[in-house]
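Subject: Structure for your files

Please find the structure below, with notes on what was found in it. Could you read the notes with the coordinates open beside them?

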Amino acid sequence: MFQPRSIQSTMTFRDKILSMDYILLLSILLLGIVSMFAMYSTDGGKFDYHTKSHILRFGIFFLMFLIISLFQIRFWYQTSSLLYIAFFILLLGVKYFGLTSSGSQRWLNFYFMNLQPSELMKIGLILFLAKYYHRISTQDVNKIKFLFLPVVALVAPVLLVVAQPDLGTSILIALGGVTVSWLAGVRVKFFAYASILFISLTPIAIAFLKPYQKSRILTFLNPDRDPLGAGYQIIQSKIAIGSGGLFGKGFLNGSQSYLDYLPEKHTDFIFTLFSEEFGFVGSLFILILYSVIILRLINIGDMTRSSFGKLYCYSFATAFFIYVAVNMGMVLGLLPIVGAPLPIMSYGGSSMMAIMLGLGIAMSCRIYKDTPVN
Amino acid sequence: MINFGSGNTVIKSKLISRRMFVLTAAKTIVFCGIFGRLVSLQINEATKYKTLSDKNRFREWKLAPQRGVIRDYFDKEIASNEKVYQLHITPENSPNLETLFFRLKTILNLSDKRIFYLKKKIAKQKPWEPIIVSDNLTWSEFSRINLFLHELPGVEPLVSVARQYPDQSTAHLVGYVSQVSQKDLQNKQYLKDMSVGIAVGKTGLENKLDKDIIGKVGFQRYEVNAFGKRIKQIQIDPGETGKNYRTTIDLDVQKFTSEVLEDKAASVCVMDIYNGDIITMVSSPSYDPNSFVHGIDKKYWNELITNDKKPLNNKAIAGLYPPGSTIKIIVALSALENGIWNPKKYLNCTGVTELYGEKFHCWKKKGHGPMNLRSAIQRSCDVYFYEVARLLGVDRLSETAKKFGLGKKVLEGFIEERAGVVPSTAWKRKFIGKNWYLGETLHSGIGQGYFQSTPLQLCLMTAQIANGGFEIKPRVLVNDSKNNLREYIKFKNENPNEPLPIDMLVSNFDLNPLFRNQENINFVKDAMFAATNEAGGTSFRSRYNDQKFMFAGKTGSSQIKRFTELQRELEIKQKDIDYKDRDHALFVAFAPYKDPKYAISVVVEHGGTGSGSAAPIAKKVIKKVLERDQMREQVQNLTGEEI
């Protein structure tokens, strides 16, 4: 019964390194390298600010990922509530001390970087709920009193992020929380109730939406409504991707991004840029890389013996999938433009940090797959 | 708390895995959707999006083509291109338009109204589209701009070309160019692709040849970024200069004629009787066609349209005048051709004849005495022709007149040309709705009444009589087609005794004879000779005794206002009545008489009598034309060799 503990205690550093998921590791590294090329292209084929900064961040956070993965899974289990609370405090901090840029207050200024706590909250909420559902038994999951805490833990940060306003991130945070609850066994009917409540509150919520957010939703429904205004991004993104064709226009030859037709090409529309230059073949390569990462994360979940590990890995894999799907759906004109970065590829420190933290914890689950968390 | 590996954990594990399976299935479906979308965008619709991407990327700027040059027969330019200095502004390159206009105002003397107009125009168009501030700067303005250029961001001084007309004498024939109007855009489809600011032909040859002379528009293709800024030039097509044209006009004769006419309201046409080449076609007074090129000055425009002598009107093809006595050659010809009159027949002119109680006067109050057809033409006896016309009838007269070129447009493509009127019984019924009176036939017989013709028509009529009665097609543009008529004349001179039946003329020389019996034509030519070269002839005073310049002509004067009995009684002279009421003076002739080459028509509005004011003009012009005949012949031979 205590045998696993003894196995764990006998694990040497070498054992730890050897039990890492190398396919996952390589995929992340490959994606990082691809993202550097993409960033180099957004800088107009020069080794410029965005490229340097992106490489530096990827280097630092990849290292962080490796270090995090060596931490015992028990450590993450024990600190998850603490992390959640810490992230929540940071979110509150944004509300009072945050930096405002293009009409929304999302960032906290640390000397070395501007941190976006809402990105970290994506991981924090998953960790917190994974621990919560690990602790309660399957029978208790659907009791009303045990539903209370998860709902509060989910709604509170989401509301804070919505108020920034940052619709995209808040939806992604909420979806992460919903995923954990679903996996833990919360009954379908509760999701149904929540949906009904959400839909009935939507008209009220719309009244609180900023005009630009309203116009984005309307624009998604009909991009030609205002081709020079809100619909511009979707139309130009589709033109860029479509004009890439089968093999693309070639590295550094994406006219749409070069001539500034493509908006936000460093961040949300990085996939568009890559797709324009490398065509269908390149897009497919990226899609496959992401699929591999997601499948490896699910695989870790399958191997992990603790409920915490399983819940975390599956949820994170799903959340990761959602980030990718929302971003691609957005740039391909399948979803409204909500402002969701593409994991690892997009420029942005906080997003990179959060994703690497998430991946690190998953890798830790892999190394300590047989170790009980408590 | 919960033991590792306990039953509960196993149940939980299974639950999680089961629910995860559902999620994984959902993920697969979503990724398949994204995959499908990629296929649709990048493979199925790639062509469409590539086109859209290129549409984003490239923007074209049109380059105005240079207009073709129009030259005279001796390759002198009569419509050319000159260098002009222009000033353009590209609004996006100027940080502050207000200060820029303020500076320009002091440098160029721009009016506030013009500045207001320019600002309005800038507001309407894209910031990268240049706007023309001035299209014709003087050299001093242009150099001042260049001096201050470093203080004037956004300003582009440039050298361009614009139409220039070196001589005013050709103004009516060549016409002029000016800014494109809404109407031009509707009528001329090819203007749709042209660049803004291009000049379009409005009248005369400029209008007739506009489509080919305007040239092909060029373009510069630039790669532009999302803000419309030009990144690099991709392609340049300089376009094509318009086609050049050589006309049949002799600029020297044209200038000379224009000087002879001084400022009279008059018109002169000279035509080669064998190939229809128009040597000169002057309408007087003239105007400055250059004033239209850059937008006409209001004062000058008012001056032009209020002038009684109508300088803008091309009198040679758009001025309608009763042919007066010049029609008598057609009346005589028609009577002979129809066999209704014996030319030897004598009539006694007493100065007046009567028909159904109405009096018809001869221009000579005392009468000419006994007249036959030849002397009636020589002295232009009206009474004699009243009788000829009465027997001939207006319908036979109109048939002959039409055959010789009256009553229809002579040139092709001149919008200002008018057809005139050759009256007939059918014409009167159709256009006036009344029956023909015999009295009107008498008036028609001396070219009065409903008759209306242009000077060019009269010239063509004379030319076709002078060349022996063959149809020719008048032309303004040089055309090196075979000249059958000249070949025929040559053949005839070499074989003077060989008879040539009409059907042989048609088959061998592809000619269209306008006569039934050429002797009749010769009779008329001889009578015209008498009118100029025999004592008593109406134009005897304007004759040349030198064989080289000797010509044969017929005078005419067309009444504007009928003489009252009182005026007739008082023998009022033309010069004594109001200018506006004076008769038009006409003269038609061909020269040289021995071997005719050219036909001429002269019309002087309110000139009084043909012999007094039209024939002397013709005399001078004929000399000038004949002096240059040798030179013209040489050029013709030269061009012939080139082919």
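The notes below cover the model as a whole, then the contact between the chains, then selected elements.

This is a predicted model, in which local features need pLDDT of at least 70 and side-chain atom pairs count only at pLDDT 80 or more, while totals for chains, interfaces and linings use all residues. Residues are numbered from 1 along each chain as its sequence is written, and chains are lettered from A and ligands numbered from 1 in the order in which they are written.

Overall

The model has an ipTM of 0.91 and a pTM of 0.69. Two residues are in contact if their C-beta atoms, placed from the backbone, lie within 7 Å.

Chain B contains 26 helices and 19 strands; these are DSSP runs numbered from the N terminus, helices being H or I of at least four residues and strands E of at least two. Of the 643 residues in chain B, 41% are buried. A residue is buried if 20 or more other C-beta atoms lie within 10 Å of its own, exposed if 12 or fewer, and partly exposed in between, with C-beta atoms placed from the backbone. Taking the contacts in chain B between residues at least 6 apart in sequence, 75% join residues at least 24 apart.

Contact between the chains

On the chain B side, 38 residues are in contact with 40 residues of chain A. The elements of chain B that give two or more residues to this side are α1, α2 (46–57) and β8. α1(B) gives the most, with 21 residues. Ile43(B) belongs to helix α1 (residues 7–44) of chain B. Ile43(B) counts as partly exposed because it has 13 C-beta neighbours inside 10 Å. Apart from neighbours within four places in sequence, Ile43(B) is in contact with Leu246(A) and Phe280(A).

Sheet β1-β8-β9 of chain B

β8(B) also belongs to an open sheet of three strands, ordered β1-β8-β9 (chain B), with antiparallel pairing. Two strands pair if DSSP finds at least two bridges between them. β1 (58–63) and β9 (230–237) of chain B are at the edges with a single partner strand each, so one side of each has no neighbour in the sheet. On average, neighbouring strands of this sheet are turned by 25° against each other, direction ignored; axes are lines fitted to C-alpha atoms, for helices over the stretch in contact, and angles run from 0 to 180 degrees between N-to-C directions. Six bridges link β8 (residues 218–224) of chain B with β9(B) in the antiparallel sense. In one of these strands, β9(B), Ile236(B) is the bridge partner of Gln220(B).

Helix α3 of chain B

The 12 residues of α3 (residues 97–108) of chain B should span 16 Å at 1.5 Å a residue, and the end C-alpha atoms are 16 Å apart, which agrees. The expected span is 1.5 Å times one less than the number of residues. Leu100(B), Phe101(B) and Leu104(B) are buried in α3(B). Viewed down the axis of α3(B), the buried residues fall within an arc of 95°, so they line one face of the helix; the arc is that of the directions from the helix axis to the C-beta atoms. Cover for these residues includes α4 (112–124) and β4 (131–137) of chain B. Exposed residues Glu98(B), Phe102(B) and Thr106(B) are on the face turned away from the buried side. After α3(B) comes Asn109(B), with a positive phi near 60°.

Strand β18 of chain B

In β18 (residues 584–591) of chain B, eight of eight residues are buried. His584(B), Leu586(B), Val588(B) and Phe590(B) point one way, and Ala585(B), Phe587(B), Ala589(B) and Ala591(B) the other. β17 (residues 552–558) of chain B runs antiparallel to β18(B) and is joined to it by seven bridges, with Gly556(B) partnered by Leu586(B). β18(B) also pairs antiparallel with β19 (residues 598–604) of chain B over seven bridges, and Ala585(B) stands opposite Val604(B). A hairpin of six residues connects β18(B) to β19(B).
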